[in-house]
Amino acid sequence: MDTLRIALTKGRLEKDTVALFEAMGYDCSSLRQKGRKLILPVPGTNLEVVLAKAADVITYVEHGVCDLGIVGKDTILEHGSTLYELTDLGFGRCRFALAVKKGTSFYEGYRAKQVATKYPNIARSYFEGKSMDVSVIKIEGSVELAPLLGLADGIVDLVETGSTLKENGLEISETICEISARVVANMASLKLRKTEIEALVEKMEQEVRKTI
Ligand code: PRP
């Protein structure tokens, strides 16, 4: 059978996905002892796991060099991609929020507001939805610094446990949306290998349901 290639987001989602695959009965020893290897076969199956950064998972699936991808809804929303989202795996749960310095209000005063974020498209569409003219400043990481240094009035960022906000004197002003890991598919792969892909996703869903 032809190889079915799955792009998996390295880091936070990787551990939960490997645990899911193990629960599905797959031998994940190559994924557990991967060293610096980036393409890993799953022995006894036609599956091949490709480890990539979140945004690159979307790129590989969009271009069809990977059939499926496991990636956070945050990356999907930011990318605004045309991928087919097959299922919500329920792990990697966190939320997008607007956060500000503790005790301040993002909306007070008439001055034009600025937000810092790693997700400019999500931030822009959020404020457009509120018909607010907010300038969005793109930051690459540790966005919490921006309001602390006086660069922005707030941040739009992912909040998981809330401890990064807390430890830096920030608090949630508004929750924007809930995020979790999703399975995405390349449109052509889905057409050509529908039965095989649907069976795999169904197996994932069955396992995920057991843990809820
Ligand atoms: C994410 C996010 C927050 C933090 C939230 O950053 O951007 O900074 O995690 O997690 P918490 O609510 O559990 O504290 P990440 O760790 O990916 O680092 P980065 O900002 O440097 O990209």
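**Why these words? Questions about a predicted model**

Colleague: Why is Glu-78 called buried?

Modeller: Glu-78 has a relative accessibility of 14%, and buried means under 20% relative accessible area, exposed means over 50% and partly exposed lies in between, with a 1.4 Å probe and protein chains only, so Glu-78 counts as buried. This is a predicted model, in which local features need pLDDT of at least 70 and side-chain atom pairs count only at pLDDT 80 or more, while totals for chains, interfaces and linings use all residues. Residues are numbered from 1 along each chain as its sequence is written, and side-chain values use heavy atoms, with hydrogens and water left out.

Colleague: Where is Glu-78 placed, and which residues does Glu-78 touch?

Modeller: Glu-78 sits in helix 4, where a helix is a DSSP run of H or I with at least four residues, a strand is a run of E with at least two, and both are numbered from the N terminus. Setting aside residues up to four places away in sequence, Glu-78 touches Tyr-119, Pro-120, Asn-121 and Ile-122, contact meaning heavy atoms within 4.5 Å. Although Glu-78 and Asn-121 are 43 residues apart along the chain, their C-alpha atoms are separated by 5.5 Å.

Colleague: How do you know that the buried residues of helix 3 line one face?

Modeller: The buried residues in helix 3, residues 54-62, are Val-57, Ile-58 and Val-61. Seen down the helix axis they fall within an arc of 95 degrees, so they line one face of helix 3; the arc is that of the directions from the helix axis to the C-beta atoms. Their cover includes strand 1, strand 3, strand 4, helix 4 and strand 11.

Colleague: Which residues of helix 1 are buried, and which are exposed on the other side?

Modeller: Leu-13, Glu-14, Thr-17, Val-18, Leu-20 and Phe-21 are the buried ones.

Colleague: What makes a set of residues a nonpolar core, and which members touch the most others in the largest one?

Modeller: A nonpolar core is a set of buried Ala, Val, Leu, Ile, Met, Phe, Trp, Tyr and Cys residues joined through side-chain atoms within 4.5 Å. Of the 29 residues in the largest core, Phe-21, Tyr-26, Leu-68, Ile-70, Leu-89, Leu-200 and Met-204 touch the most other members. The largest share of this core, five residues, comes from helix 9. Apart from this core lies another, of 16 residues, among them Val-100, Tyr-119, Phe-127 and Val-136.

Colleague: Which residues come nearest to the ligand?

Modeller: There are 13 residues around the ligand, and Arg-12, Lys-118, Glu-144, Thr-161 and Thr-164 come nearest; a residue is near a molecule or strand if one of its heavy atoms lies within 4 Å of it. An N or O atom in the side chain of Lys-118 is 2.6 Å from an oxygen atom of the ligand, and a polar backbone atom of Glu-160 is 2.8 Å from a ligand oxygen. The ligand has 500 Å² of accessible area on its own, and the protein covers 73% of this; such areas come from the Shrake-Rupley method with a 1.4 Å probe, and for residues only the protein chains shown count as cover.

Colleague: Why is Ser-131 called exposed, but Ser-142 partly exposed?

Modeller: Ser-131 has 70% relative accessibility, which is over 50%, so Ser-131 counts as exposed, whereas Ser-142 has 49% and is therefore partly exposed. Most residues other than glycine have a negative phi. Phi of Ser-131 is near 55 degrees, a positive value, and phi of Ser-142, near 45 degrees, is also positive.

Conventions:
Polar contact = N/O pair within 3.5 Å; in protein donor to acceptor, adjacent residues only side chain to side chain.
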